[in-house]
Amino acid sequence: MNANATSDTSGILDEALQRLHAFGPERLGRLTNHGPMAVEALVHGGRAAVVHRWLDHYRAKLEDMPARVAPVTDGDWRTALGDPRRAADWIDHFERALAERPWQEVLAAWWPVLLPGIAGGSTHPVIRVGHAVRTLLGPGGQAPPRVAELAHGLGYWAARHTPLPDRTPVALPSPADAAVALDAVARIPDQDGPLPARFAQLTTVPTWPAPAPGNAPGKKAPAPGKAPGTGPDAAPPEPAPDAARDRLGDLVAAAVHRYAALGHGDPIMLVHAATAPNAVLRTLPALPRALWAPSLDAAWAASAAVTAAYAPATPVTYENAYAEAGSSTFDEVFARAAAHGDDHTIKFADTALDVGGRTARAAALRGVELNPPAR
């Protein structure tokens with residue numbers, strides 16, 4: 001992590017989140033509102049001074065909160081799960097829940113329910129939740145706009161909840177690290193069209209990590225409100241949460257490093273192979289340890305799916321970015337991303353900053369090279 005990243009002592013983040021909460025989580029049908037994630041990354045990376053200027057430009061892209069349909073209740077929430085028309089209803093539901101219970105308790109109750117739908121909304125909902133949790137775990141984390149941001153992130157995830165299709169497991173050599181596993185992901189036959197059409201072509205997935213006991217695909221999610229690890233629908237306790245956390249960190253690093261050579265396949269979508277698992281990694285400290293291993297499983301499934309859908313067949317060299325990374329600090333690299341202004345570029349540089357090292361800096365600079373700057 002960037003040692004010079006600053007906490008938001010000025011209130012800029014909370015002001016920005018309040019501005020953004022007037023808008024819906026999507027625009028133009030299914031494009032994501034990246035504003036809350038980008039401003040949080042800018043503040044965390046020490047660029048709070050540019051947040052409101054960035055937001056003044058970005059807000060022209062946003063749409064009002066969609067109309068409400070009907071309240072989501074404890075009795076009918078399953079019928080509303082995965083219905084994007086119910087986004088505002090879901091956000092209201094989580095705002096009520098967070099007003100009644102501690103945010104960690106609400107998060108722990110709903111995390112195993114939402115986790116199977118991690119790929120919904122192009123993985124943006126879990127990424128938004130990861131940014132929100134980082135603010136809640138940091139200085140001033142109980143500020144109302146940050147709690148409200150968690151409600152917006154969880155509500156968006158519930159509305160866009162979409163499980164991945166069943167896939168045949170493919171064995172890997174043992175032991176296999178995250179880089180080997182990503183290399184083994186088979187590309188879909190037709191890398192064209194929108195993400196749902198691409199995900200529909202998924203048929204296999206490498207078995208990394210090994211399936212955890214009690215977490216087979218299709219297992220019924222526990223009802224929210226039950227303590228994790230209890231009740232007839234809950235998975236049994238996982239054996240090695242620390243190992244799951246470490247493997248998740250390895251996955252994030254491998255996905256960041258691969259972007260340097262493969263990001264040209266789709267410079268925007270391939271950032272999610274890294275930012276989605278990193279969002280899960282950021283959330284682990286707020287979750288019961290029994291949920292860490294299934295969180296790794298879901299993060300791997302999402303990262304592998306994005307890789308299969310968008311990774312090109314052939315890597316390219318990146319001498320210019322690697323050379324610049326050798327003489328640049330992470331503060332300088334993140335400043336480049338912030339000045340570039342593209343929301344995905346900012347968020348990817350933020351994840352690369354977490355990974356650290358020259359190749360990660362080079363990958364962040366590749367994002368600056370490959371993505372069009374904000375206009």
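In this predicted model, the second largest pocket has a volume of about 520 Å³. Its lining comprises 27 residues, and those lying nearest the centre of the pocket are Arg27, Leu31, His34, Ile268 and His344. Several elements of secondary structure contribute to this lining: the strands β1 (26-27) and β2 (31-32) and the helices α3 (51-58) and α16 (343-355) each supply at least two residues. The greatest contribution is that of α3, which provides three residues.

Two cavities of 30 Å³ or more are present in the structure. The largest cavity holds about 90 Å³ of space. Its lining is formed by Leu182, Ala255, Arg258, Tyr259, Leu262, Leu270, Ala273, Thr307 and Ala311. Helix α11 (residues 241-262) is the main contributor to this lining, with four residues. Seven of the residues lining the largest cavity are nonpolar, while one is polar and one is charged.

The second largest cavity has a volume of about 40 Å³. The residues that line this cavity are Arg167, Val185, Leu202, Thr204, Val205, Pro206, Ala304, Ala305 and Ala308. Both a strand and a helix take part, as β4 (204-206) and α13 (292-310) each supply at least two residues of the lining. The division by class for the second largest cavity is seven nonpolar residues, one polar residue and one charged residue.

These spaces belong to a protein chain whose secondary structure consists of 17 helices and four strands. Of the 375 residues in the chain, 56% are buried. Among contacts in the chain with a separation of 6 or more, 79% involve residues 24 or more positions apart.

Technical notes: Residues numbered from 1 in each chain as written. Predicted model: local features only at pLDDT ≥ 70, side-chain atom pairs only at ≥ 80, totals over all residues. Heavy atoms only, no water. 1 Å grid on protein atoms, 1.4 Å probe; cavity = no way out; pocket = protein on both sides within 12 Å on 5 of 7 lines; lining within 4 Å. Points joined across faces, edges and corners; volume = space filled by probe spheres on them. Nonpolar A, V, L, I, M, F, W, Y, C, P; charged D, E, K, R; others polar. Buried < 20%, exposed > 50% of the residue type's maximum accessible area, 1.4 Å probe, protein only. Contact = heavy atoms within 4.5 Å.
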